[in-house]
Amino acid sequence: MKEAIRTDVLIVGAGPVGLFAVFELGLLDLKCHLIDILDRPGGQCTELYPEKPIYDIPAWPVISGQELVDRLMEQIRPFEPQFTFNRMVAGLERLPEGGFRATTDEGEVFEAKVVVIAAGGGSFQPKRPPIPGIEAYEGKSVFYAVRRMEDFRGEDLLIVGGGDSALDWTLNLQPLAHRLTLVHRRAEFRAAPDSVNRMLALKEAGKLDFRIGQVKALEGEDGILRGAVVKGPEGDFEVACTRLLPFFGLTMKLGPIADWGLNLDENLIPVDTERFETSQPGIFAIGDINHYPGKLKLILSGFHEAALMAQAAKRIVHPHEKVVFQYTTSSTSLQRKLGVT
Ligand code: FAD
């Protein structure tokens with residue numbers, strides 16, 4: 001087992017609510033480590049609607065999903081939160097001496113006195129393309145995410161899709177690949193126009209292939225890919241490839257949280273509205289993942305939940321310290337923590 005990373009509060013999910021929890025916990029001197037399955041902070045805001053305007057964040061008449069996340073990151077900077085991205089929290093257990101041990105899908109171990117589940121709709125999981133037998137190649141030759149670009153150096157890559165992920169990885173991996181082919185079912189893309197133009201320029205320069213079509217079969221054995229059969233507008237053709245990267249979007253599933261021994265109500269975690277604690281003392285749930293009478297899945301509701309949860313978490317981590325209610329406007333001690341005095 002890898003050596004445990006220790007923190008006061010482990011936050012599962014770095015969406016807007018997990019991020020704001022760092023602020024409320026930080027004001028109470030609690031250190032946080034956030035883990036997210038995605039490769040950046042922001043949850044739904046950055047993954048699903050980075051450029052869409054939000055109109056119901058208090059004091060921001062309009063703010064985009066990405067800008068909200070950028071502002072939250074700026075606001076929590078004084079508390080120096082630690083982040084681990086590209087990891088799913090897979091296991092969670094209570095330690096006999098108190099506190100919790102969490103493990104990721106890559107085997108990292110975290111120990112914390114308190115766990116805050118801010119996992120939104122659960123984990124974003126890649127949509128599997130409808131190619132017969134693809135499961136046998138997954139994790140060996142077929143990958144739904146790029147964790148280390150170096151793993152793809154010198155390979156014959158087939159990237160499938162027409163959104164931002166497909167185009168971003170086409171542009172990033174092209175210099176490393178032995179050969180790269182992008183396949184999309186039509187000539188129009190959902191990705192940023194600049195990325196599409198850069199991809200087309202590389203195609204013109206003969207540095208990658210772009211073909212219209214849909215992958216219908218894989219060739220290879222024992223999980224080792226040799227090629228793919230693509231159904232094109234003028235009939236089937238073959239693409240020689242050693243790695244396939246399909247980017248067909250993400251769906252949200254509760255994932256491993258379902259196995260953590262918490263009471264669940266239709267894939268949501270019931271909590272009380274005083275502490276936002278789950279059925280397991282010391283494990284809190286805030287944001288879209290929780291449920292209580294009157295719950296609204298709004299960002300501002302999650303922010304309120306984070307503030308009340310922090311007070312309860314403080315009493316667990318530092319049971320002998322008195323929690324004094326203070327305003328950031330007038331408390332020099334809070335202002336010192338924020339680095340503004
Ligand atoms: P999320 O944003 O879902 O973040 C949860 C994070 O947890 C994700 O990043 C996920 O990868 C991670 N995670 C989950 N499970 C694990 C695990 N096991 N291990 C590691 N990481 C994990 N709300 C508003 O208030 N106003 C709006 O105008 C508005 N517009 C919206 C428009 C759209 C199109 C959508 C889809 C939503 C909108 N919402 C809006 C809702 C808002 O985005 C959510 O309420 C908010 O994102 C919830 O924040 P969260 O931090 O609870 O969860």
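Me: What share of the contacts in the protein chain with a separation of 6 or more comes from residues 24 or more positions apart?
Reply: Residues 24 or more positions apart account for 61% of those contacts. Two residues are in contact if their C-beta atoms, placed from the backbone, lie within 7 Å. This is a predicted model, in which local features need pLDDT of at least 70 and side-chain atom pairs count only at pLDDT 80 or more, while totals for chains, interfaces and linings use all residues. Residues are numbered from 1 along each chain as its sequence is written.

Me: Why is G162 called buried?
Reply: A residue is buried if 20 or more other C-beta atoms lie within 10 Å of its own, exposed if 12 or fewer, and partly exposed in between, with C-beta atoms placed from the backbone. G162 has 20 C-beta neighbours inside 10 Å, so G162 counts as buried. In the protein chain, buried residues make up 35% of the 341 residues.

Me: Where is G162 placed, and which residues is G162 in contact with, leaving aside its neighbours within four places in sequence?
Reply: G162 is in the loop between β10 (156-160) and α4 (164-173). Helices (H or I, at least four residues) and strands (E, at least two) are DSSP runs, numbered from the N terminus. With those neighbours left aside, G162 is in contact with H184, F189, R190 and A191.

Me: Why is D36 called buried, and why is Q44 called partly exposed?
Reply: D36 has 27 C-beta neighbours inside 10 Å and therefore counts as buried. Q44 has 19 other C-beta atoms within 10 Å, so Q44 is partly exposed. D36 is in the loop between β2 (32-35) and α2 (43-47), and Q44 is in helix α2.

Me: What marks D36 and Q44 in the UniProt record?
Reply: The unreviewed UniProt entry has a "binding site" annotation that covers D36, Q44, Y49, V89, F124, D288 and T329. These residues are spread over 294 residues of sequence and are also spread in space, up to 38.1 Å between C-alpha atoms. UniProt positions are given in the numbering used here, feature names are shortened, and annotations may be inferred rather than shown by experiment.

Me: What makes β13 and β14 a pair?
Reply: Two strands pair if DSSP finds at least two bridges between them. β13 is joined to β14 (residues 224-232) by 7 bridges, and the two run antiparallel. E221 stands opposite I224 in β14.

Me: What makes β13 and β15 edge strands?
Reply: The open sheet of 3 strands has the order β13-β14-β15, with antiparallel pairing. β13 (214-221) and β15 (235-240) each pair on one side only.
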